[in-house]
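Open the structure in your viewer and keep the selection tool at hand. The stops below go from strands to a loop and then to a helix.

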Amino acid sequence: MSGVRLLHRLRSLQNLKWARFAGSEGASGYGKHHIVIIFPITAAGLAVWQVFRRQEKLNIIQDINERVGKDPIPIQKVDFNDARLLEYINVTIKGRFVHEEEMFIENRQPVDPSKAPSNQWKLAQGTRQLNDPGIQVVTPFILETPIDSGSVKGRKILVNRGWIPKGARDPTKRAAGQVSGTVTISGLIRKSDRKILFISEETPQPHWFLRRNVEAMSEMRGALPVLVEADYSSTVPEGPVGGQTRVTVYNKHNEYIATWAGMSIATGYMWYEYIYKARSFSRRFRF
C-alpha cells in the first residue's frame, strides 16, 4: 500500500505544480494561461482551410488536363481578353519564322531525352550530352492571318521551338533546322515563369534569359505578348526538339492538412492535460 500511496502522492504533487502554473486565477476563472486554447483552435481552422484549398487545386489540375487534351484550334479563335484562361490552350499557327531574331532560355533540361536522336545535330565536337542542361530556342513567328482579339492585335508572336544543347547555340551548327517558308505548328500557349526572388536575371547577352519571360521577350522583338510552345511534331533534323512543355502543378495539401490537424491535436492535448485539468485540480483543493 505504501507504493500506491507514494504514486498518488507524486501525482498530486504534479497536479499541484501545473495548477500553480495555470495562474492564481485558476480557481475562479480561466486565468491568463488559458489563452493557449487559441493554438489548437487556429490549427484546426487552418486544417479545414487546406481541405478547401486541396479541392481548388484538384479542380485546377482537372481543368489543365482538359485543356491539354483538347484538339488544337487556330490561334485566331482564342479569346485573349481573359488572361486566366490562356495557359495551356492547344492551338495551331501558320506562318514563317524570323530566325535572325531568335532568343534563348538558359539552363533547361530536355523533358524526354529519349526523343532527341543522337544524330539530331552534327556538332563540331561530335558529341552531345542529353542529360546536361541545354537551352530552349524562342523564335519570333509571323502569322499568315493576324490575331484580332480585344487589345491583342497583330501578326508577330513568339514560338518556343524546343531544346538544343549549349554547343548548338550557333545557328550555323544547325542550319538544316532553320526551316524557311510557311509552316504549320501545333503547341500550347504559355505565360511567363514566376520570377525567382533574390536571383539576378542578368545574362551575358540581352537575348539570353534565365526564365520564360514573355513580356520582356515580346518587347525586345516588337511582338505580341503571346508565346506558343511547339509540340514534338515540330521537330526537324538538326532543329530544336519540340514538346518541352512541363505541366507542373504542386498539390501538397494532404501534407498540409495532416500537419495542421496534428498540431491541433497536440496543442489541444497539452491544453487539456496541463491547463484545463490543472485548473480543475486547483478548484478541488482551493489553490
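Start by selecting strand β6, residues 183-190. Of its 8 residues, 7 are buried, so the strand is largely enclosed by the rest of the structure. Buried means under 20% relative accessible area, exposed over 50%, and partly exposed in between (1.4 Å probe, protein chains only). Strands (E, at least two residues) and helices (H or I, at least four) are DSSP runs, numbered from the N terminus.

This is a predicted model, in which local features need pLDDT of at least 70, side-chain atom pairs count only at pLDDT 80 or more, and totals for chains, interfaces and linings use all residues. Residues are numbered from 1 along each chain as its sequence is written, and side-chain values use heavy atoms, with hydrogens and water left out.

Now select E87, in the loop between β1 (73-74) and β2. E87 is buried, at 15% relative accessible area. Show its contacts (heavy atoms within 4.5 Å): leaving out residues up to four places away in sequence, E87 touches R67, I189, R190 and K191. A polar atom of the E87 side chain lies 2.9 Å from the backbone nitrogen of K191.

Finish at V48 in helix α2 (residues 38-69). V48 is partly exposed, with a relative accessible area of 47%.

Technical notes:
Polar contact = N/O pair within 3.5 Å; in protein donor to acceptor, adjacent residues only side chain to side chain.
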